[in-house]
Amino acid sequence: MPTLEKLLVLTVATKETDGFRRFLRSAKHFNYTVKVLGRGEKWRGGDYMSAPGGGQKVRLLKVAVEEMKNEDNIILFIDSYDVVFASGPKELLKKFQQARHKVVFSSESLIWPDRHLEDKHPHVREGNRFLGSGGFIGYVPNIKELVSDWTGEDDDSDQLFFTKIYIDPAKRKSINITLDSKCRLFQNLHGALDEVVLKFENGRVRARNVLYDTLPVIIHGNGPTKLQINYLGNYIPNTWTFETGCTVCHEDLRPLTALKESEYPLVVIGIFIQQPTPFVTVFFERLLKLQYPKNRLKLFIYNQEVHHERQVNAFLQDHGSLYQDVRFIGPEEDIDGAASRNLGFDMCRKDKDCDYFFSLDIEVVLKNENTLKILIEQNLPIVAPMITRAGRLWSNFWGALSADGYYARSEDYVDVVQGRRAGVWNVPYVSSVYLVKASLLRSELTDYELFTSPILDPDMTYCHNVRNKGIFMYVTNMHSFGRILSTENYQTSHLHNDLWQIFENRVDWEERYIHENYTLIMKDKLIETPCPDVYWFPVFSDIACDHLVEEMEHFGKWSGGGNVDKRIQGGYENVPTIDIHMNQINFEKEWQKFLLEYVSPITEKMYPGYYTRAQFELAFVVRYKPDEQPSLRPHHDASTFTINIALNHVGLDFQGGGCRFLRYDCSIQAPRKGWALMHPGRLTHYHEGLPTTAGVRYIAVSFVDP
């Protein structure tokens, strides 16, 4: 058997693409000796995808072998942009020996470029009948003979040239050519996608051809199978394995830790607001917390929504000056989404100081303050942090594309989204949030209209253009980065519309509006018992209290405080207060959801054996003022139990106030903002509202299970 040092891999690469670097990495992994032909030459071999070409490769090969003297050397000639090695030279040479021919070509099930030659191909007992020119292996003298007659142009078809030699019986015999019909050495993916699966072995991954039960050494994403080779290359040969996880995630990084703040790369952050979106204020609070020197950031803010002008302006007014530069485009400029993204990219492209463009849509919830640093350190052309929608399989990347260029689910998509496989993944589509190297915008992606297309939407157009340039896009789920908001069912008719988001974006609603200590109630025994069977616990954040009060004052239709009340059944209120009911501001469904999710569990813990569905007929916000209604006479509530949440601060917003339970002669004099009092409504807990002596006191009251 030939020794390993006799093998030389030749490949043509006029340009160092992402695919070429992937090829070299796999070659290096198995210690192949690679010689690259045509470096720095202009590629004249035509566009593979649309027309035959590639003659330039044969010309370069012919020149290279003419200089070779050693007759028992073996040459492996393969493409590189769309090729990965799945195994080493030892296995390759052994399989080459077993083929018992001096030259072995890769095989295909499809004939190309001239199907009229089909009948001239020798029949094979089993396997593929047609020659593929993307890979062949042979002894130097035989390869010399193979290419000796080449006189073609650079854009002539190499595949046709080799096919004509192969189908000529005399030449086939003289050069001693055969095809690797069962894909033992070479696997061409075109026409064979259903035959190829990943095979996970100990600490390495291979491709297996299930049709012929073979383990090919070389995998080639020929023709229109570039995305499939990208998918396989996420694993083969050891990019990601079950034993090691991701092995490339820590290679070729660009660490920032040693840099002074002034040496950090300059990033233009493009922020895009294209529809009414909840929690915009929170988005800007998070942007401020992003761990990155602000004097190395420039902002490009595009806001298409009049509804959000107040929030954007507040952010720019309070914090805009912290950033090196801010460019703002408002709704009045009437620029569409695609045009705004073209413009944002161009702001970075034309700015010689710009090192990266960080595209960030307003509905992205970036929980990880180090996101930008992590992405820069990955040192990739285009990389997105994986974000998902809470409780759903939706994410900001696609694992595969359908034939018409839309979403398709890759085999590993669910494992990646749910974090069972963590790594950095080469994918065909990213959106919502991603980082782009500015050098790319000035080299491969100089086309201004990257996002513009009459048929596809802007992000699909952009990804299509990137893929066509052979640039790889990655998504990383090595860290937890955040999530994406649902913008459906976002009402804009209220003052604080986020209050209504408890159904659509529950996690975000909870972070904003539920007291920070709420989750500790059970664990740290935070529930207090100021009076018998009266429980006191934190439930609302300060912001929730403020928003609810402001929403009620904005609505403004406070009741008169008289006994006649058309809003309630029977029209008569025995113990009236000056109030606004939740249903008057269309908040009753949301309020019931709040009671069910955050109050019921505590009710059931404190009153064992009682289960509540949190039904109520009356839920309202009460206003106590010295000159309006300062107090409330002793009464029972029309409820099984009552919830009473203090919405502002005693001492700060009002004096006095509180609640006294007559049977126990027990008073709660200093209500705490955001804390709820829970007590039985009838029989035992006869109570009164103590006088508010100054300022205004607000409470939210619910009569549960009347």
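The model is predicted, so local features need pLDDT of at least 70 and side-chain atom pairs count only at pLDDT 80 or more, while totals for chains, interfaces and linings use all residues. Residues are numbered from 1 along each chain as its sequence is written, and side-chain values use heavy atoms, with hydrogens and water left out.

**Exercise 1.** Classify the ring pair of Phe105 and Phe162.

Rings of Phe, Tyr and Trp (its six-membered ring) pair if their centres lie within 6.5 Å, and planes under 30 degrees apart count as stacked, over 60 as edge-to-face and the rest as tilted. By this rule the count comes to 49 aromatic pairs. The ring centres of Phe105 and Phe162 are 5.3 Å apart and their planes stand at 50 degrees, so this pair is tilted. The pair links distant parts of the chain, since Phe105 belongs to strand E5 (residues 103–108) and Phe162 to helix H5 (residues 158–166), 57 residues apart; helices (H or I, at least four residues) and strands (E, at least two) are DSSP runs, numbered from the N terminus.

**Exercise 2.** Decide whether Phe105 is buried or exposed.

Buried means under 20% relative accessible area, exposed over 50%, and partly exposed in between (1.4 Å probe, protein chains only). Phe105 has a relative accessible area of 0%, so Phe105 is buried.

**Exercise 3.** Find the residue over whose ring the charged end of Arg341 sits.

The test asks for NZ of Lys or CZ of Arg within 6 Å of the ring centre and within 35 degrees of the ring normal. The charged end of Arg341 sits over the ring of Phe272, 4.2 Å from its centre.
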